[in-house]
Amino acid sequence: MPTKIEKDSVSGQMTTGHEWDGLKELNTPLPTWWLYTWYVCIAFSLVWVVLYPALPITGATGLLGWTARGALPAQQAAERTRIEPMLARLRAATPEQIAADPELRGFALAGGRVAFANNCAGCHGAGGQGAVGGFPSLADDDWIYGGSFEAIQHTIRHGVRANESDEQRGIAMPAFQTTGMLNPNQVSDTAEFVLSLTGRSTDAAAVTRGEALYTENCASCHSDRGEGNRDLGAPRLNDRIWLYGGDKAAVMRSIAYSRAGVMPSWQGRLDPAMINMLTVYVHAMGGGE
Amino acid sequence: MSVIPPRAPQIDEGSLYATHQKVYPRAVSGTVRRVKWAVLVLLLGLYYIVPWLRWDRGPNAPDQAVLVDIGNARLFFFGFELWPQEIYFLTGILVLGAIGLFAVTSLFGRVWCGFTCPQTVWTDLFMWIERRIEGDRNARIKLDQGPKDSVWWRAKLRKHVAWLAIAMATGGAWIMYFNDAPSVTWAMLTGQASLTVYGFFALFTATTYVLAGAAREQVCTYMCPWPRFQGAMLDENSLVVTYRDWRGEPRGKPTDPTAGDCVDCKACVHVCPTGIDIRDGQQLECIGCGLCVDACDDVMKRLDRPTGLVAFETLKNLAASEAATKGMAPGPQLLAKGMAVRTPQKLLRPRTLVYAGVLGAAVLVMLGAWLMRATLTLTVLPDRASLYVQLADGGLRNGFTLKLANKLRGELALPLVLEGPQGLRLLVQDAGLDAQGRPLLTTRDDGITQWRALVTAPEGLRLRGATPITFRLLDAEGRTILRQSSVFLGPDR
């Protein structure tokens, strides 16, 4: 209830003119220094709003035209200039030469780790462990296209089935059931033979039938005993590593409908120095040949 | 609606603020003063000279004996070198210092405050300069009360320039404990030092100038916490600066036969750096410097009376003398009686024994920690992204990051062996091999070196889940000098 603003008889202070059940509120102003600091902050924020992007409106960048995104390229350029001498050395050297030079190797492993996390880990996993379903592990000792420095560099540059150039990796595996080359029973028999290569088949008769089918349809790429062929990108079938799963159902799916994973070509998207760093980093993951 | 007005509080709060009374301490000479000069020269000498001491640690290491190398995260103290993770040794030194301070205080009172505290030492130095330029107590009072003429201006200017010079030397010496002394001095003189260096130089110059020049006894009385709780360490057996009132009272003229030995000349008051009267008894403001002892002894000698009217004395003896001489008339008999009942200071008492015990325990703990300090530590970090890698032949591989911290100077080449199920193979990338084909870890000089190790388990082992393994580092004779356990991970089934 508003009342008269008056002088309080006890404390000698003015009241605010507010009264509740007979209790009047004393007017106790903020300390002057506090108040003026506050005023200065308000004045500062007004200037700030005019000069800098402060309003949640698209295009409201303030008079100075400064944006965090706009400031980024200059910082990136400065950083790139700083590491350019090292990048130039990395660009000029081959991955083998980089790996042999402790200084370059240290830089490449650190830079490669970041580049891998930015560009590769999405499919190949943070530590290059890959994932079942067509994402090969880069840390194991099984390579579809080869694990030498040169092979890794080539794969990164040109990708797999990326429609980039003739240099790219990968040819298409036929979908044997879709195209009518094998009927479902034959697919099952072929799969049974493939399982027998790692001693996992349960049906000897099917293996015998499947062997003939395998020799006729698969051996030209995957070799007679499933040794695979890196030139064609035909994976080994006689080891414990299965890109799309190693149980019979998964193998049958592969035969019936084919598999054709795609990896982008990184040449032109990444600096050659970065590709070299990635090559050295991937080679050092454990499976490098 | 009737309202009963509250009664106004009847407390007179008054003001808690005391206006500073400038203290004009008079020069004094005597035993205590000589000891204080000696301590001052020793401590200031140490402070200014220590950064210039050299200590050869071989190549790639600073040759400064005492250096806190913030940039390289190392602390050098002659033959000792601390890494950041060993900063607890520094904490330990501070703990020892604190307990030592308690012990000394319980025995001899505020000797730290009166003789060795930097505030006391630098204030003493600043006062000495003040006396050289403006004259002694009476001259300074006269100068301050007189007109601000050319004499005043010249004296003040000379004094402050001299103070600033000392303050700058103090701030400059502080910087040298954190940088190579000769090069940072040259950099500062030629304007090439970093802003940090100049900033800290300015900070410590300013604090020295303000604390020793202007604040002085106010630091001890108002800023420092130590006087507030040092009373807890003192008891009736501690040595404190006291006025023997049983002998001095009643005060009177030297010619008055009924008066005590105190002639009320106020010499003790005039020399006091904190401006108090020791005859008022034990006071918070008293820093125990004992200059009043010298001042009073001087007066007593001139009056041909025995010295020691103001003295370092225990409160127990003071009470004993007081009791023994109660009701006696002033004179030689009173003095003899009073001095006769004094007993030697009791040094061994529960309080001092506890302090000594705690101090001894802390020293033992520190010593043990130092002797058992590992100069070589191996850290094994198993890979997290891909806990294990399936190999083509059915085998498994685990990746580990090895970090070897070598806290000593000089390189070490140590073979690494793996302990675990028979058949595990160890490969360390970037490491050489010794004659037996074991990976050879070559550490850096005083630093951490990192390797990536790959451990492979052949298919035949069929390792499932977590299998304990141990990395062992051997010395040249094949003895194990470090072992670090870890786990080899495989699929659950």
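**Figure 1. Surroundings of B:Ile278 in the predicted model.** Apart from neighbours within four places in sequence, B:Ile278 is in contact with B:Val241, B:Tyr243, B:Cys268, B:Cys286, B:Cys292 and B:Val310; two residues are in contact if their C-beta atoms, placed from the backbone, lie within 7 Å. B:Ile278 belongs to the loop between helix 12 and helix 13 (291-302) of chain B. Helices (H or I, at least four residues) and strands (E, at least two) are DSSP runs, numbered from the N terminus. B:Ile278 counts as buried because it has 22 C-beta neighbours inside 10 Å. A residue is buried if 20 or more other C-beta atoms lie within 10 Å of its own, exposed if 12 or fewer, and partly exposed in between, with C-beta atoms placed from the backbone. From B:Ile278 to B:Gln64 the C-alpha to C-alpha distance is 46 Å, and the two are 214 residues apart in sequence. This is a predicted model, in which local features need pLDDT of at least 70 and side-chain atom pairs count only at pLDDT 80 or more, whereas totals for chains, interfaces and linings use all residues. Residues are numbered from 1 along each chain as its sequence is written, and chains are lettered from A and ligands numbered from 1 in the order in which they are written.

**Figure 2. The loop between helix 11 and helix 12 of chain B.** B:Pro250 is found in this loop, between helix 11 (245-248) and helix 12 (267-271). The peptide bond joining B:Glu249 and B:Pro250 is cis, with omega about -10°. B:Asp264 lies in the loop between helix 11 and helix 12 as well. Although B:Asp264 is a residue other than glycine, its phi is positive, near 55°. B:Asp264 has 14 C-beta neighbours inside 10 Å and therefore counts as partly exposed.

**Figure 3. B:Arg462 and its positive phi.** B:Arg462 is not a glycine, yet its phi is about 45°. The residue is placed in the loop that runs between strand 13 (447-457) and strand 14 (466-474) of chain B. B:Arg462 has 13 C-beta neighbours inside 10 Å, so it counts as partly exposed.

**Figure 4. The side of chain B that touches chain A.** Contacts link 19 residues of chain B with 19 residues of chain A. Strand 7 (389-390), strand 8 (396-406) and strand 13 of chain B are the elements that give two or more residues to this side of chain B. By class, the side of chain B that touches chain A holds 10 nonpolar, five polar and four charged residues. Ala, Val, Leu, Ile, Met, Phe, Trp, Tyr, Cys and Pro count as nonpolar, Asp, Glu, Lys and Arg as charged, and the others, Gly among them, as polar.

**Figure 5. Helix 7 and helix 8 of chain A.** The axes of helix 7 (residues 184-196) and helix 8 (residues 204-217) of chain A come within 7 Å and cross at roughly 95°. Axes are lines fitted to C-alpha atoms, for helices over the stretch in contact, and angles run from 0 to 180 degrees between N-to-C directions. Helix 7 and helix 8 of chain A are therefore roughly perpendicular to each other; angles under 35 degrees count as roughly parallel, over 145 as roughly antiparallel, 65 to 115 as roughly perpendicular and the rest as oblique. Among the residues that make the contact are A:Phe193 of helix 7 of chain A and A:Leu213 of helix 8 of chain A. The residues of this contact of helix 7 with helix 8 of chain A comprise five nonpolar, five polar and four charged.
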